[in-house]
Amino acid sequence: MATDATPKFQNRDFRAVQQPPDFHPEITMVAHDGLQFWQFMVAGSIAGCVEHMAMFPVDTIKTRMQVLGSCPIKSASVSHALRSILKTEGPSGLYRGIGAMGLGAGPAHAVYFSVYEMFKKSLSGRNPNNSVAHAISGVFATVASDAVFTPMDMVKQRLQLSSSPYKGVFDCVTRVLREEGFRAFYASYRTTVLMNAPFTAVHFSTYEAAKRGLMEVSPDSADDNRVVVHATAGAAAGALAALLTTPLDVVKTQLQCQGICGCDRFSSGSIGDVLQTIVEKDGYRGLMRGWIPRMMFHAPAAAICWSTYEACKSIFHEINTNCDNDGGT
């Protein structure tokens, strides 16, 4: 937007107000205040389901590449992994375990976003640009949501393996309970939290910072391009967080799939033991197995998730505003 007006549009009755030299106009980010707790949960649930269902085939490829033993495709090539799955199992092989994902993603993301919003409001105070508050809120959110999602994530990953011995979600749940006990569902919970805590801290702080930066670049069109802003900021945040936490994701996958289809079984759930086994078998590059499909998953997944979540929040905000206006008339 131009800062000067041409002479013919100027009014002699008005005088320009001189601004101090250090004056920088602030971009005000419209907060979705006034949403109820259940509305955050619904928005998060919808966003989580849309994200994970859309990106599930990429997640299957990542899982196959990360496990050790006779299960994985030995090549680290994404294209080789995809061709191998399609050749031996067909397109349906990319979607094994999607039922478990559907059962886990909705409730987990409902908890994830509602807890995040609750702590962000509490910790941020009146400063919407508090990156530390965003990071801490994200950590609280992931600890809570992982407690909900980890059991179904374990079921999902076991079903994703080639030659999986399970017929489906119910068969996997009942057999694991009978053969390994309830603790097997949470064998990777500690690793998952240790992975997702830094992942979420990086993710949320990067997302909020990138979103504000993009809106400052073009403040006049920020409202018109809000979906693009959320998607771009989400993709950048997802890609960076995914890259930095890949080693812990490899550990988590192997803990969840141990003893299945010839995958290694570990004597303890120690992260150190799993890391040592990976390094001994594959070297340090083994810690980054699946990093390409992991980034390919999280960048578009975060873009889809954030844009869907913010769109749902906007809808609820508009509904609430209309209800308040109707109630006031």
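Guide: The protein has 10 helices and zero strands, where helices (H or I, at least four residues) and strands (E, at least two) are DSSP runs numbered from the N terminus. This is a predicted model, in which local features need pLDDT of at least 70, side-chain atom pairs count only at pLDDT 80 or more, and totals for chains, interfaces and linings use all residues. Residues are numbered from 1 along each chain as its sequence is written, and side-chain values use heavy atoms, with hydrogens and water left out.

Visitor: What is the mean pLDDT of the protein?
Guide: The mean is 80, and 81% of the residues reach 70 or more; pLDDT is the predictor's confidence in each residue, from 0 to 100. Over residues 1-11 the pLDDT is below 50, and this stretch has two contacts (heavy atoms within 4.5 Å) beyond near neighbours in sequence.

Visitor: What about residues 23-32?
Guide: Their pLDDT is also below 50, with 15 contacts beyond near neighbours in sequence.

Visitor: New topic: how much of the protein is buried?
Guide: Of the 329 residues, 47% are buried, meaning under 20% relative accessible area (1.4 Å probe, protein chains only).

Visitor: Which residues lie nearest the centre of the largest cavity?
Guide: They are H52, H109, N196, F199 and H298, out of 32 lining residues. On a 1 Å grid over the protein atoms alone, a cavity is a set of points where a 1.4 Å probe fits but cannot get out, and lining residues have an atom within 4 Å of a point.

Visitor: And which helices line it?
Guide: Helices 1, 3, 4, 6, 8 and 10 each supply at least two residues of that lining.

Methods: On a 1 Å grid over the protein atoms alone, a cavity is a set of points where a 1.4 Å probe fits but cannot get out, and a pocket is an open set with protein on both sides within 12 Å along at least five of seven lines; lining residues have an atom within 4 Å of a point. Buried means under 20% relative accessible area, exposed over 50%, partly exposed in between (1.4 Å probe, protein chains only).
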